[in-house]
Amino acid sequence: MSYKIRKAAVLGAGVMGSQIAAHFANAGIPVYLLDIPPKELTEKEEKKGLSLDDPAVRNRIVNQGLEGAKKAKPAAFFVPEFAELITTGNFEDNMKWVGEVDWIIEAIVERLDIKQQLFEQVEQHRKPGTIVSSNTSGIPIHKIAEGRSDDFRQHFLGTHFFNPPRYLKLLEIIRIDETKDEVVQAISKFGEDVLGRSNVYCNDVPNFIANRIGIFSMMYGVKVMMDEEYTIEEVDQLTGTIIGRQKSATFRTADLVGLDTLVHVANNLYESVPYDEQREVFKIPDLVNTMIERNMLGEKTNQGFYKKVKENGESKILTLDLQSLDYRERKKASFPSVEMYRNTDDVKERIQNLVYSKDRAGEYLWKVLSETLLYTANRLPEITDDIRNVDKAMKWGFGWELGPFEYWDTIGLEKSVSKMKEEEKQIPGWIEDMLNNGMTSFYKIDDNGDKHYFDFNDKQYRKIEERPGFILLSPLKRKKKVLKSNAGASIIDIGDGVLNLEFHSKMNAIGPDMIQMMNTAVKMADDEGYEGLVIANHGQNFSVGANLMMLLMEAQDENWEEIDMIVRAFQNANMNLRYSPKPVVVAPHNMTLGGGCEVTMHGDAVQASAETYIGQVEFGAGLIPAGGGTKEFLLRMLERAPDSKEVDLFPYVRQAFETIGMAKVATSAVEAKKFGFLHDDDGVTMNSEKVIYDAKQRVLAMAKTGYRMPVQRTDIPVLGKAVYANMLVGLYMFREGNFISEYDEHIAKKLAYVLSGGNLVGKQYVSEQYLLDLEREAILSLIGERKTQERMAHLLKKGKPLRN
């Protein structure tokens with residue numbers, strides 16, 4: 001049987017259910033969102049004279065859930081209008097709607113009896129063959145399905161999304177004995193291709209994989225903190241980005257998730273795993289119980305391990321004192337080893353050094369990490385029999401850069417086990433067997449560049465096969481597919497006559513090395529007969545923009561000719577992309593800012609990851625886009641004007657002025673189309689791991705249909721001095737109203753001068769090169785000014801622009 005999912009129903013409109021529905025809407029799937037009707041009126045409803053039978057009252061709970069999703073931060077929807085794909089209703093009046101859908105997802109309260117009652121209702125309306133799943137985070141899936149029909153059970157499984165589902169890619173899939181293979185395959189494919197999920201397959205045991213390991217690691221970390229008297233700040237410093245974890249680390253994460261939620265999960269584990277050798281770790285400490293009693297739940301109650309307060313009109317964050325349970329000023333954590341290794345770029349090298357350090361940082365990390373690794377190893381085959389499922393679950397669900405077995409390889413399996421034995425820790429038998437058989441890592445690379453993993457069942461290494469529809473650059477680099485490389489970028493053969501230009505500088509900041517490789521890639525594609533070029537990478541961000549540090553140093557040394565040369569070179573490189581003899585498709589993802597946005601806009605086409613946050617943010621650094629970004633964005637706005645000689649172009653110029661001047665950043669690829677950073681016909685890929693494959697297919701399709709190199713524009717309309725004067729009046733009003741600073745006004749005048757076409761009278765037609773020259777003149781004049789250099793220095797130091 002072939003399963004096609006064109007419509008879905010989500011049962012339960014709490015935070016999780018409403019945001020799951022929102023993400024289906026992001027994927028273009030219409031959704032019914034249902035919840036219970038209220039049992040009593042609110043005071044406001046009573047004053048209006050409404051009754052419990054009024055439709056507005058009966059859908060109040062579900063509508064509140066949807067409103068919560070609309071207001072969620074970070075945003076649950078790619079764009080607000082996608083909420084229109086969600087239809088709300090309630091279990092009593094609208095349960096019949098589930099008969100229209102292809103997938104029914106339950107996301108109600110974590111009570112087995114209530115879930116079973118709901119599914120009894122569902123079965124009365126569900127059509128045979130409809131897939132049904134539960135989003136439970138811990139209740140055994142087979143128990144939820146008890147009492148249901150054969151067809152229901154054959155189409156039933158667990159699908160555990162992680163919160164927030166738009167941003168955390170993990171989907172844990174849990175089957176029961178009766179679940180059809182085709183159902184698992186259908187949900188897996190739909191999850192990957194349509195929802196952009198990364199799937200792992202779990203056994204039907206309490207809390208599955210990610211929560212089982214993640215909550216243990218967090219609870220054990222709390223135990224060590226209390227036993228060894230570490231502070232909250234010290235633990236968060238040691239469990240965040242320094243070891244490849246989320247910036248929110250341990251206690252900021254607890255505040256974000258909510259202590260009540262974490263306590264519920266830990267309590268569920270404590271009650272459900274009496275056989276677990278580390279069961280007592282899941283017992284809630286008195287400290288946390290007291291916090292729950294005092295309603296110190298985290299962000300939802302504005303106080304948890306941290307508390308945000310306002311003093312003298314400014315926000316500050318206080319930290320919980322673990323002894324008094326009062327809030328105090330934050331104390332900076334300081335460890336010698338952290339200071340020594342914090343600037344080491346390679347996270348694996350940082351971890352290796354920190355874990356074996358002899359100071360309190362090393363002691364804490366060793367204790368928590370070694371116990372987490374042993375606990376994880378002891379959970380096989382209980383939670384899964386594949387180490388890859390464990391590593392993927394922790395990376396995609398908890399935001400770890402490395403999974404547990406990857407951490408173990410990083411610190412050295414032999415070395416760490418030797419130390420564990422010195423501490424009389426019990427080593428799992430299968431780990432001992434591995435080492436006795438000369439297998440000293442969980443993953444290895446063979447002489448051909450192929451990656452292998454240790455198969456828990458067969459006790460041997462197995463090759464990790466390539467997946468159709470996915471292109472990952474690391475395996476290609478191991479297989480010697482890199483054709484040219486320097487410190488900033490590499491050109492990689494990704495097959496079928498297509499090249500890929502990979503940025504790999506620090507934060508993928510654009511500098512001379514990268515610019516050189518942009519030109520080389522375009523030339524190589526043409527000279528050596530390739531079909532075309534993709535520009536993409538797997539870095540944390542596509543590119544955060546130009547290398548400001550380099551520009552600032554040149555400005556402070558007054559190397560104006562050098563700066564002119566760098567800016568001119570970047571402009572020329574982007575123009576080479578635009579006017580390449582072979583098609584160029586740019587595949588941005590995550591932060592694509594400043595120069596990264598300019599590169600993106602100069603491709604022939606874009607195949608963007610859905611999670612692309614793109615914009616021209618140079619204004620915050622006291623600059624304007626000068627790598628062709630101002631020119632290109634003006635062109636894009638003018639293209640939106642009706643094709644008529646009588647049309648007033650000023651509103652379109654003003655739109656370009658406002659978007660650049662306000663440093664607007666689109667928060668999704670869909671919103672980027674609304675802003676104009678992407679064209680309407682540019683592609684969006686939901687699964688970030690598939691974006692390079694999709695971009696490659698776009699190149700091949702363009703080549704196949706007879707790609708023609710564009711012709712440089714010499715007919716760009718600019719409106720001259722009159723429009724420039726108009727914009728100056730608007731800026732004056734903003735300045736007088738204290739909406740912008742005097743220096744903001746100064747920068748904006750430079751931008752207005754470029755967008756209006758400079759010192760021209762009336763409407764005239766100019767070339768792209770004319771506008772590029774204006775851009776370059778503007779940035780050279782700005783970068784020579786002290787206030788701009790102060791802004792750049794502040795941005796580099798604090799990560800945000802200086803406002804005067």
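Where is His-452 found? I found His-452 in strand 13, residues 451-455; strands here are DSSP runs of E, at least two residues, and helices are runs of H or I, at least four residues, both numbered from the N terminus.

Before going on, I noted that this is a predicted model, where local features need pLDDT of at least 70, side-chain atom pairs count only at pLDDT 80 or more, and totals for chains, interfaces and linings use all residues. Residues are numbered from 1 along each chain as its sequence is written, and side-chain values use heavy atoms, with hydrogens and water left out.

**His-452, continued.** I looked up its burial: His-452 is buried, with a relative accessible area of 13%. Buried is under 20% relative accessible area, exposed is over 50%, and partly exposed is in between (1.4 Å probe, protein chains only). The His-452 side chain reaches the backbone nitrogen of Lys-463 at 3.3 Å. Lys-463 also turns up among the residues that His-452 touches, along with Tyr-461, Arg-462 and Ile-464. Contact is heavy atoms within 4.5 Å.

**Aromatics.** I got 28 aromatic pairs for the structure. Rings of Phe, Tyr and Trp (its six-membered ring) pair if their centres lie within 6.5 Å; planes under 30 degrees apart are stacked, over 60 edge-to-face, and the rest tilted. Phe-405 sits in helix 19 (residues 404-411) and Trp-430 in helix 21 (residues 429-436), 25 residues apart, linking distant parts of the chain. Both Phe-405 and Trp-430 are buried.

Next I checked Tyr-724 and Tyr-753, with ring centres 5.6 Å apart and planes at 80°, so that pair is edge-to-face. Tyr-724 is in helix 31 (residues 720-736) and Tyr-753 in helix 32 (residues 742-756), so the pair ties together parts 29 residues apart in sequence. Tyr-753 is partly exposed, at 31% relative accessible area.

Which residues form one aromatic cluster with Phe-405 and Trp-430? I wrote down Trp-408, Phe-442, Phe-454, Phe-456 and Tyr-461.

**Charges over rings.** The charged end of Arg-279 sits over the Tyr-270 ring, 3.9 Å from its centre. Lys-419 lies over the face of Trp-366, 4.5 Å from the ring centre. The cut-offs are NZ of Lys or CZ of Arg within 6 Å of the ring centre and within 35 degrees of the ring normal.

How values were computed. A polar contact is a pair of N or O atoms within 3.5 Å; within protein, one must be able to donate a hydrogen and the other to accept it, and residues adjacent in sequence count only if both atoms are side-chain atoms. Lists of a residue's contacts leave out its neighbours within four places in sequence.
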